[in-house]
Amino acid sequence: MNMTGIIFSETYGEDLDVFTHDRNLAAIPFGGRYRLVDFVLSNMVNSGINNVGVLAKQHYHSLMDHLANNQEWDLNRKNGGLLLLPPFASEAVNHNNRGKLDELRNALNYLEQSNSQYVLLADAYVVYNMDYRPMLQAHIDSGADVTIAATHEPDGSTKVYPSVLQADRSGRVVSYALNTTARPGDYVGMGCLIIAKQLLTSAIQELTAKGIYHLERDFIQHDFNRGKLTLNMFPFEGVCLRIRDVDSYFRSSMAIIDESVGAPLFRGDRPVFTRVTDEIPTYYGPECNVSSCVVADGCVLEGTVDNCVFSRGVRVCKGAVVKNCIIMQGSTVGEGAQLENVIVDKWANITAGAQLKGLATNPVIIRKGAVV
Amino acid sequence: MIERKKECIAMLLAGGQGSRLYVLTEDTAKPAVPFGGKYRIIDFSLSNCVNSGIDTVGILTQYQPLELNDYIGNGQPWDLNRNFGGAHVLPPYTRAKHSDWYKGTASAIYQNIAFVDRYNPKYVVMLSGDHIYKMDYHKMLEFHKAKGSECTIAVIDVSPAEATRMGIMSTDENMAITDFEEKPKQPKSCHASMGVYVFTWDVLKQYLIADEADPDSENDFGKNIIPSFLKDGRAMYAYPFEGYWKDVGTLPSLWEANMDLLDPADPLKIHDTSWKIYARNYASPSTRIDPAAKVANSLIAEGCVIRGKVTHSVIYTGCVIEEGASVTGAVIMPNTIVKKGADVNYAIVGERCVIEENAVIGEKPDGGDPFTHNGIAVVGHRKTIASGTVIKPNEIV
């Protein structure tokens, strides 16, 4: 594979502070047994990319722990493999998220040493299952400088997206806007682009030397608007979930319970890999009442649960009623507790009889390790 | 130069056919038979080794080794991918002179003396890959050393009725073995051998060499090596084990051992994460329980889609139970599909089977106790059971 993968594991304008207190965006649990990074990383592996650098800046212990045994992704290689790229102890450490170019500067050596001609830059906040090989082919065929993967929005959207594109029939981008809503027929970027390594590395060097760090605004948009950069759009028609705030996290998590969303994400021919923790299969108690749930290994479910996503090792005790909730790894819901529209982070303990009720539009969030 | 060595390594006998599991071992060795939702039988012995601090395991294979070889791979799932030591699959091999299959358990070890000697161990733990249990072999090794034993055999106390089907040790008050009988009609003791041995290697090696040279020997540990040790008055002790131990060599015992995982008392302590059982992982997604599903008292592994009714059952990785299907008291092995309206009761269904619509497998018992039955119905691996077929209790397909 003539392409190196780079994953941005930090937040860039996403509002997920409640989950990123002691982990970065890529390490946020999602979909039961996964972390957000698993989706783009598995996409890369399933596309034959075996050179992956993961850029990390802050709170990356959780991510390191998750990726430590890169064997799960078959990335324990002599040639290539997976490399976590934290910053050098330079001035960059003292600045929070100046921009992706700043982080990419830390990966310059890594990029220059790789033999690939192309680089795939991917954000971790987007959840989808995609083969990048046709995208690379489309990039080469188009002759464009940059190819951006995007979803078509026939009805437009009132939501603001990081990048919104308009393209002609051939896929040539005619308009590239940042932080705006999509009008009917627009395409919305998936935080995933392909660029020639040579072009990327010279941009990193030139721009960061001038103190310019914003990849999309100061390089792609800037050069595109001045006719110095040609952009190609690669349309993606599968399930694409953008996790950018608590609302989209909650909705996306709930969405995967539905087979029409869950099945295309977790396909047998392109599995999503994650860290193995050797939990035992989930036990469903004699009096449990479980419907519409996504359940990872190692849970013990003895109460009533409806429309929930359970990570590994969750315990729901007898008499508890849990509805429209996301319960992360190792958390316990005590006897008779009643939860509705609640997101419970890892290792929390909801004591017996507790009652927590959020709104579908505004779920209650219980922090990691909290006792309620 | 002083060479690296290991104090203790393990040799795991995984070459047996397991003929009493019939269709389940038709094309795979018994240790590779799936168990408990996400495991294979051999995972228990391998995990016990690693959890006991034994990082070198020779796995002796002979019968249908393909699946087992593939499963063990480089030993990584059990942390047995080591630079010095680790998991090694040891099939029979040809030599310049006298090439042979493994004629018996003793001959299997004899043919691999060179493997053991590479690690120059003081002790060797001998295991079989067909039991479900959690055991600390390190404690047994300490017992072996403390007693000055040359051969220590782990024993578990069984009822007199069970004793007639097992290898029984008679011991003195110090647990020194005074007699050994295979399947005695009148058992003199209730200490049954668990098929777990610790030998002092240099002593065992002499006996293996002598045994191989004896044309009348069956080259079997139980029939030849242990009696020779006894006859010669070697230091032999029985190590009493308390806890759950189950031979899953028969279809009813395999079914029972699966059902034991549903026992709220958790006799195997499978939920005890301080002694984890490791298994090879196949990247299955989380299990989806649909709105129409009804699930009770069951163990369900990852990668399943449950739309039907599942009660008192163990459902392995990647199974689909369709809407209107009912599964009770059943063991459904990996990647099997139970289609609409199918009724599976008190049965073992092998991996990658398709149970077509309205097929009926096994039957519900009349009594109220969910764990008594009229006989287990068994469907072998990769079978398709046609729509409307009825498979009776005790029937094996």
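Tutor: Start with one term: contact means heavy atoms within 4.5 Å. This is a predicted model, in which local features need pLDDT of at least 70, side-chain atom pairs count only at pLDDT 80 or more, and totals for chains, interfaces and linings use all residues. Residues are numbered from 1 along each chain as its sequence is written, chains are lettered from A and ligands numbered from 1 in the order in which they are written, and side-chain values use heavy atoms, with hydrogens and water left out.

Now find I348(B). Setting aside neighbours within four places in sequence, its contacts include L24(B), L251(B), L254(B) and W255(B). V331(B), M333(B) and I376(B) are also among them.

Two more terms are needed. Buried means under 20% relative accessible area, exposed means over 50%, and partly exposed is in between (1.4 Å probe, protein chains only). A nonpolar core is a set of buried Ala, Val, Leu, Ile, Met, Phe, Trp, Tyr and Cys residues joined through side-chain atoms within 4.5 Å. The largest such core has 114 residues, and M11(B), M135(B) and I348(B) touch the most other members. Strand β11 of chain B (residues 191–200) gives the most to this core: 6 residues. Another core, of 65 residues, lies apart from it and includes M3(A), F236(A), V239(A) and M328(A).

Helices (H or I, at least four residues) and strands (E, at least two) are DSSP runs, numbered from the N terminus. Take helix α1 of chain A, residues 36–46. It is largely enclosed by the rest of the structure, because 11 of its 11 residues are buried. L36(A), F39(A) and D38(A) are among those buried residues. After α1(A) comes G48(A), with a positive phi near 85°.

Next, the charges. A salt bridge is a side-chain nitrogen of Lys or Arg within 4 Å of a carboxyl oxygen of Asp or Glu. There are 38 salt bridges over all chains. In one of them, D27(B) pairs with R382(B), with the closest N and O atoms 3.3 Å apart. D27(B) sits in the loop between β1 and β2 of chain B and R382(B) in the loop between β26 and β27, so the pair ties together parts 355 residues apart in sequence. D27(B) is partly exposed, at 36% relative accessibility. R382(B) is partly exposed too, at 42%.

Contrast D43(B), in helix α1 of chain B (residues 42–51). For charges, Lys and Arg count as positive and Asp and Glu as negative; His and the chain ends are not counted. D43(B) is buried but has no salt bridge, and the nearest side chain of opposite charge, R40(B), is 6.4 Å away. What does its side chain reach instead? A polar contact is a pair of N or O atoms within 3.5 Å; within protein, one must be able to donate a hydrogen and the other to accept it, and residues adjacent in sequence count only if both atoms are side-chain atoms. The D43(B) side chain reaches the backbone nitrogen of R40(B) at 2.7 Å. It also makes a polar contact with the side chain of Y71(B), at 2.8 Å.

Last, the cysteines. C308(A) is buried, at 0% relative accessibility.
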